[in-house]
Each structure stands twice: as structure tokens, then as C-alpha cells.
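Good morning. Please have the sequence and the model open, and I will go through a few places in turn.

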Amino acid sequence: MLESKNKNQDIYRFTISRVLQFLVGVVLCCLLILTTGCRPTLLNSQGNNNSKLVLVNPSPPPTFNYPISRSPYGIFGFIYEGLISENGLTGELEPALAESWIFSEDKKRIIFTLRSELKWSDGEPLTADDVVFTYQDIYLNQKIPTVYRDFLRIGSSGAFPLVKKIDRQRVEFILPEPFAPFLRYIGRLKILPDHALRDTILSTDADGKPLFLSTWNTNTKPQEIIGNGAFRLENYIPSQRIVLQKNPFYWRSDLAGNSLPYLDKLIIEIIPSTDNQLLRFRSGELDSIGVDAEAFQLLKREEKRGKYKIYNGGPNLNFQFVGFNLNQGINSQGKPFLNPMKSRWFNNLAFRQAVAYSINRQQINNNIYRGLGEIRHSALAVQSPYYLSPEAGLKVYKYNPEKAKKLLLDAGFQYNNANELLDEDGNRVEFTILVKSEEKLRIDTAVKIQKYLSNIGIKGNLQVLNFNTVLQKLFLSRDWECYVGAFGVPGADFEPNLLSLFWSSNGSFHQFNLGSKPGEPRMKNWQVSDWEKEIDRLFTAGYQTVNENQRREIYGEFQQIVAEQLPVFFLVNSLSLQAVRNHIDNLKFSAIGGAFWNIDELKIQEK
């Protein structure tokens, strides 16, 4: 076996981006997306305890059950860790619960060695049994509808690895074939406690479903939620705040032997309004806030007097987009998810291209982002070594409403005397534009898109909902038409295969044409287009290929397909801006991890 590059065991890092899920989010962001609006931002406690920090989320967590949560508004990055982690400055993989790992010569077997004397937040030992339980009984359990199973699909067959205990500290993963992104995937999967959750897997409810699915919801007593991260849950007041306390059994310590984290408490206030967050920051109550384009000039003028610094990490790595529901499937009641008339519009490539040409992204950047953004053209960020630029041949859509109208007319659409767009059957082209309520810039962008659509005769009706409801519409009911959203996965700029969650036809975040999920009845009439199948093929080729030049060609072809077929149309990426008070020590800001990726190292200076 070949020894992996083992980092110094005293490395103590905490990746703030792991607060967010795949996703999403999309991100996920969607997905599973790492937008400024989804990151908790640091606030100052009003008490006298200088080792207490207060953070803010715009939406309450829907659950404290990590594997079944799709929301970015969770606390999982604070209370759980995985076998390995990602350095927030360099993006390199580092030891976490596992102190080392080794590969076999054929790259099909990986043995992880856990740190000795690991403990859960209730003081119980954390061993190889917990790792095997987490993977075999939760992530790979077909009865558990978790998006994280996608991380463990290997190869074009989608086969899963075998997970075996060797001894108390060692676990072996056996892959069906070599899989280049596997280590980076492993870093995103938290380890869960066997002793606290096994009975919920083995027991079922009246419908025969594991009790695990209703375990650790937001009504659960905090003491019952067991983790292995820097903090543990102390209290939750629904829709108001989450209180976390230092985990006394956390394994990390500094070079002097002091246990981490340095902070005693984190308080996550739930404040939907960004305007209210800004007011509290300017009044001196808050220690940090994400800076959007509207607030930048004001906060920049007050930077010295307010004793804070605005950090700039460059363009956000996630992608902002507008997209249509292309799903032609039928729900369990025998009804189409989408009105067949609107489905015909959305699945018409000329229609999607016309919408792209109708949107003035430069104006969005100038007016909404105050010039503090960059127009996005590609499915991969400009920071990615695999990025295909317009200069290298990527198809782009410059604002051209007249071209948009010609495309529509050539495709069989028509205009009435009031310049309203009608389809070939005389139906007015009208649909709903869905957007989340927690981010004003996104709402403002949706309003602009509504105006641009009206210029080519299309009527768009805004539907502004809280993000948890948006997620339900996207991934459960699939009851949506047009969506202004975002998606991103930490590390995707280093490993594009991470974005397969969004782009692959069987991906859990393939929201524009989401198929059946585990536990759901097989969807009728769900259709996968030829170009989606080609993207699937390219992602398979991408993880099978080691040669970097070949990988660039593969992911370049993927980016071109997305640009030509337009399942989503990319908008503007804002700059990653964060204002942080000067009295926070050990801050290591980066575009990769943001301001607080190493939160267990942060200290508060004496005031």
C-alpha cells in the first residue's frame, strides 16, 4: 500500500463552508449553494462573556437530522465532522477524525485510521463501529432518503463501495473501480453516533419506515442530539435562536495543548431581514455581516469609525441562474408536475435561448450589484483550472431583445396587437417566477427579469417564498415553473465532478428535471434528453481520467453543452464581501472558506 501525505496531527482547522449542504445548494446553491446570504455571519453577544459569539441565519433549520436535511440553514458544520476536511485557505484535504489514510496500488482500496481516544459530545467513545454504521446503515441504506448517497455512487453503474471494520481504529473502503473524487467526497460526509441512532434504524413506524426519519427534529431535546464537532447543541427557540456550547470532548487542541475551540458559546440568531442585520451592525451590536452591493458604499465609508474591515474574496464561486422546470413526469396522483402547455414552451430550446437574449445582465450588475459583480457565462467558475472561456469558444448570450423575438417567431410563437406573446394555439405565454424571500438582491434580480420578459411579450408573475418552502417545491412537490436561484458545492473549482449532484440526470439536486428519489414510486413519463445523457457520459469520463489535459477537454465539452442547451441561464456573481470587527483574532479570510472557516481558532480580544 502507498502511504498518503499525512498532515501534522496538530492541524486544527474548521471549514465554515461545511455549515452548508450540498446543495445545494445549489445549492446547492441552490445548492446547495455558498452564497453570502446563506453563510452565518458573526455577531457580538451583548453579555459580558468575551468568549461568546453570536451568528445569524435568515431562516430556521427544518431539522437537526443531518442526513435528511436539504437546507443550508443548519448547524451541522459546527456539531459534526467527517473523516477528513478541506483547508479553507488552500483547498487541500487534511486529516480530521481520521489521522491518516492509505491507498492500495490499484486505487480501489482505502484504509482510514482514526485518531485514538475520540469521543462523542456525550463522552461515549467514537470508533470504527460508528464509521461503518454511518455509511452502511444510513448513507447506503435505501430506506433513508439522503442526498449524500450520491457522493458514494462509483462509476457509470452507480455502484457503491463496501465499508469494512478492520479494528477499533481502522476502516476500509473497497471501491468497484478507481474514483478520483472519492477522497474529496468523503470529506463532506459527517460521521454519526451508532449508540444514539442504531435503534431508530432498526425500528419502524406504522408505515414501515425507519424511526430515524422522524428522529432529531426541531422538537428534540438538545441533550439528545449527539455530535463530534467543536460545539454541541444547548438550546433552540424555534424561529428565534440556536444556542451552541463548546464541546468538552472535542479532539482538537492547539500547539500549547489548550483544547479547542477557544470560544465557549455560539448563538445563531434567526433574522430574515438583511435590513435589520445591517441596522444592528451599524449600531455596534454585531461583529460581522455579509456585505451586499446595496450596503457596500455606506459600510466602506464607516469602516474606520466602526473599527471593522471589509474583506473581499473575489467573485463568488457558486452560480446564480434563472431556469425552467423541464420535468415532463407525472406525480403519484396521475397528474403532470407541470402544465403540459407550459412544459412545451420550456422544453423548446428556442424559447430558452430567447429568454437568455432578453436578459440584460450588464444592467443587473450595474443597477442591482452596483458594479460589484461579474457576469457569469459558464457552469464552472473562472477560478477553476477547467474553465472554458468565451474567448476559447464558449457560446454566450449578449443582450439582444430583437434576436429574442425573432427566435420566438421562428419557433411558431406569435404576437397580438398588444405585443403580448402567444403560442401557436393562441395561449398567452405567462408563468410564475419563484424566488426565495431571504435575499433582497435575488428578489431585485427576479423583478428585473420580470421586466425583461415583458419587453418580449412574456408575463412573469413573482412568487416570493421562504427558502424552506422553495426547497419543498423544487425537490418534493416539483410544483414550480421558473426559478431564480443559485447553486454551489465547496471544492467544485478543484473537482468539477462534485457538481454532478446538479448536472447529472440522477443527481439529487438535478432540479430542472428531477427524477424519482429513493423511497418514491417510480415516476411515469419522466424523460431524459439526449444532451442530459451526454453530460452524464462526460462526468463519467471526467472521474475516470487522470490526465489533466484530457480532463480539461472533457469538462470543456460539458460547459459547451450547458451553454448551448440552457437548462439554466447564468446571471451575475456577486463579490464575496464580509465586514468583520477588528477585535476578532486569528481570522484567516479566503475566497474558498470565507471569514470563519477556522472558527475553532478564533479569539475575542479584551475590550
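Is Trp216 buried or exposed? Before I answer, note that this is a predicted model. Trp216 counts as buried, because its relative accessibility is 6% and the cut-off for buried is under 20%.

Most residues other than glycine have a negative phi, and most peptide bonds are trans. Trp216 has a positive phi, near 60°.

Leu566 also has a positive phi, near 50°, and is a residue other than glycine. Leu566 sits in the loop between helix H15 (548–565) and strand S23 (568–570). With a relative accessible area of 6%, Leu566 is buried.

Now the peptide bonds. Which residue is joined to Pro261 by a cis peptide bond? The partner is Leu260, and omega of that bond is about 0°. Pro261 belongs to the loop between strand S12 (241–246) and strand S13 (265–270).

Next, the surface. Val447, Leu462 and Val464 make a nonpolar surface patch of about 190 Å². Of these, take Val447, which is part of helix H11 (residues 440–455).

Last, the empty space. Rolling a probe the size of a water molecule over the atoms shows where empty space is left. How many cavities of 30 Å³ or more are there? The count is six. The largest cavity has a volume of about 220 Å³. Its lining has 22 residues, and those nearest the centre of the cavity are Leu317, Asn318, Val489, Ala492 and Asp493. By class, the lining of this largest cavity holds twelve nonpolar, six polar and four charged residues.

The largest pocket has a volume of about 1,200 Å³. It is lined by 39 residues, with Arg70, Pro145, Leu476, Lys517 and Pro518 closest to its centre. What classes of residue make up the lining of the largest pocket? There are 14 nonpolar, 16 polar and nine charged residues.

To go back to where we started: Trp216 is buried, and its phi is positive. That is the end of my part.

Note on methods
Residues are numbered from 1 along each chain as its sequence is written. This is a predicted model: local features need pLDDT of at least 70, side-chain atom pairs count only at pLDDT 80 or more; totals for chains, interfaces and linings use all residues. Side-chain values use heavy atoms; hydrogens and water are left out. Patches are made of residues with over 30% relative accessible area and no salt bridge: like charges are joined within 9 Å, nonpolar side chains (Val, Leu, Ile, Met, Phe, Trp, Tyr) within 5 Å. Accessible areas come from the Shrake-Rupley method with a 1.4 Å probe; for residues, only the protein chains shown count as cover. A salt bridge is a side-chain nitrogen of Lys or Arg within 4 Å of a carboxyl oxygen of Asp or Glu. Helices (H or I, at least four residues) and strands (E, at least two) are DSSP runs, numbered from the N terminus. On a 1 Å grid over the protein atoms alone, a cavity is a set of points where a 1.4 Å probe fits but cannot get out, and a pocket is an open set with protein on both sides within 12 Å along at least five of seven lines; lining residues have an atom within 4 Å of a point. Grid points are joined across faces, edges and corners, and a volume is the space filled by probe spheres set on the points. Ala, Val, Leu, Ile, Met, Phe, Trp, Tyr, Cys and Pro count as nonpolar, Asp, Glu, Lys and Arg as charged, and the others, Gly among them, as polar. Buried means under 20% relative accessible area, exposed over 50%, partly exposed in between (1.4 Å probe, protein chains only).
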